[in-house]
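Hi everyone, thanks for making time this morning.

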Amino acid sequence: MTVSDQEQQKQKQATQREKNMVALSSVGAAIGLTALKLAVGLLTGSLGILAEAAHSGLDLIAALMTFFAVRFASRPADESHHYGHEKIENLSAFLEAVLLLVTALWIIYEAVRRLLYHEGHVEISIWAFVVMGISIVVDFTRSRVLLRVARKVGSQALEADALHFSTDIWSSAVVIIGLFIVLVTNALHLPAWLTQADAVAALVVSFIVIWVSVQLAKETLDALLDKAPHALILPITGHVRTLPEVLEIRRLRVRRAGNTYFIEITIAVARTLTFEQTHMVSEQVEDAVSQAVHEQAEQAEVDIVVHAEPMRSPGETIAERLYRLAESQGVHIHDIHLRAVGSHLEADVDLEVPTDLSLQEAHAQASRFEQTIVASEPQIQRVTTHLEAPETHVAVRNEVTATYPQLVDAIRQRVDEKVGRERAHDIHLYCAQDEGGQAREDLTPRICLNST
């Protein structure tokens with residue numbers, strides 16, 4: 001593991017500890033608020049406060065789910081979960097939304113009963129206002145902390161909790177207003193129907209909870225169903241299109257799991273590029289995609305797969321097209337010569353054929369290739385092919401340099417006269433073998449010359 005990898009690992013561990021601590025602090029706050037609201041709600045008989053207690057109870061369940069989801073989502077990918085475990089955060093948020101919806105429906109049912117049948121009696125005390133004030137302060141503090149950490153580490157679960165608790169502030173404020181109206185009504189002997197303001201406040205709280213739950217459920221379902229984050233599509237395509245080697249973007253797929261974006265992109269590159277050049281283009285695409293994502297989500301992790309497909313480039317020469325055409329036909333050519341004769345072109349091509357082909361078979365192969373060239377390149381009206389059979393036999397030779405020292409000296413002297421003194425080195429003499437394995441007298445010299 002390199003130093004850079006170790007630093008990244010330490011940073012991930014520090015981020016995970018911060019996520020765990022803020023999630024755990026949210027659990028502690030939810031426990032305290034639930035107990036406080038429940039006690040005051042039972043003492044005063046306020047349906048609004050009891051609704052808030054139930055709401056805080058579900059907040060506690062949601063906070064616990066978020067805490068465990070954050071812990072388990074940090075597990076790395078394994079043989080059964082190739083994309084990791086970060087979808088646990090999305091599943092936890094969806095279950096939280098379902099619980100909130102069920103609670104809101106129950107509160108609506110109880111509020112409607114109280115409005116229709118005038119059931120229940122609300123005892124207003126200073127403690128009712130105190131507990132709701134404390135609730136607002138706690139919810140404001142933890143929503144700010146959760147949102148800060150969520151944006152820092154890119155956690156969708158923590159961000160959902162932050163949004164949830166920020167709406168709790170408004171719902172608590174609505175309950176305080178309802179309690180205040182009941183208090184004023186009793187003190188000033190106002191019309192009795194105003195005493196139902198507490199139930200109305202409970203209804204308002206319920207509708208707020210429903211609205212938050214629906215939004216949360218939609219976001220989590222989008223993540224669970226791998227809905228593409230469209231906010232990233234344009235930045236990614238914009239960055240990749242700035243690369244001159246990328247001729248087209250043929251496919252782009254983006255999915256999110258927790259704080260990780262999995263991106264698959266298919267690009268078209270010039271078919272004349274070598275494998276190494278194509279790999280370098282793929283790395284440039286990875287860097288461009290990563291930059292686009294981090295401009296939108298700075299702390300996000302990115303997993304990118306780039307698939308490159310060959311494409312005819314607008315700047316491709318005729319000779320390059322002929323080489324590609326030969327490859328597609330399964331033949332090998334070299335030494336292409338083009339001539340402009342009047343308004344058309346003529347081509348001379350050296351075509352390599354297997355040594356075991358007969359002359360007739362080699363001629364037929366050359367004719368087929370010539371026809372393919374004329375059909376693919378209309379400006380070429382005549383093609384002349386030169387057949388070559390590459391030598392694949394390994395010649396057996398004996399080195400006899402030590403046997404002919406005078407000949408070696410003579411060769412060195414002659415080379416010195418022609419190209420300059422001390423230019424020749426590593427002079428070797430070889431001779432062939434006859435059928436019986438005996439050396440023959442036909443010598444073949446091998447001479448290496450210095451470049452300067």
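Let me start with a question: in which helix do R414 and E417 both lie, and how many residues apart are they? The helix is α11, which covers residues 405-419, and the two sit 3 residues apart, about one turn of the helix. One thing to keep in mind as we go is that this is a predicted model.

So what do these two side chains do? R414 and E417 form a salt bridge, with their closest N and O atoms 3.8 Å apart. The cut-off for a salt bridge here is 4 Å, and both R414 and E417 are exposed.

Let me show you another pair in a helix. R324 and E327 make a salt bridge at 2.9 Å, N to O. Both belong to helix α9, residues 318-329, and again the spacing is 3 residues, about one turn of the helix. E327 is exposed, with a relative accessibility of 53%; the threshold for calling a residue exposed is over 50%.

Next, have a look at E248 and R250. Their salt bridge has its closest N and O atoms 3.1 Å apart. Are these residues buried, exposed or partly exposed? E248 is partly exposed because its relative accessibility is 33%, and R250 is partly exposed too, at 39%.

Setting aside neighbours within four places in sequence, I267 contacts E248, along with V246, V281, V285, V306, H307, A308 and E309.

I267 belongs to the largest nonpolar core, which has 21 residues. Within that core, I267 is one of the residues that touch the most other members, together with I236, V240, I263, V285 and V289. Who supplies the core? At least two residues come from each of α7 (230-241), β1 (248-257), β2 (260-270), α8 (275-296) and β3 (301-311). The largest share is from α8, with 6 residues. Apart from this core lies another one, of 18 residues, including L322, A326, I333 and A347.

Technical notes: Residues are numbered from 1 along each chain as its sequence is written. This is a predicted model: local features need pLDDT of at least 70, side-chain atom pairs count only at pLDDT 80 or more; totals for chains, interfaces and linings use all residues. Side-chain values use heavy atoms; hydrogens and water are left out. A salt bridge is a side-chain nitrogen of Lys or Arg within 4 Å of a carboxyl oxygen of Asp or Glu. Buried means under 20% relative accessible area, exposed over 50%, partly exposed in between (1.4 Å probe, protein chains only). Helices (H or I, at least four residues) and strands (E, at least two) are DSSP runs, numbered from the N terminus. A nonpolar core is a set of buried Ala, Val, Leu, Ile, Met, Phe, Trp, Tyr and Cys residues joined through side-chain atoms within 4.5 Å. Contact means heavy atoms within 4.5 Å.
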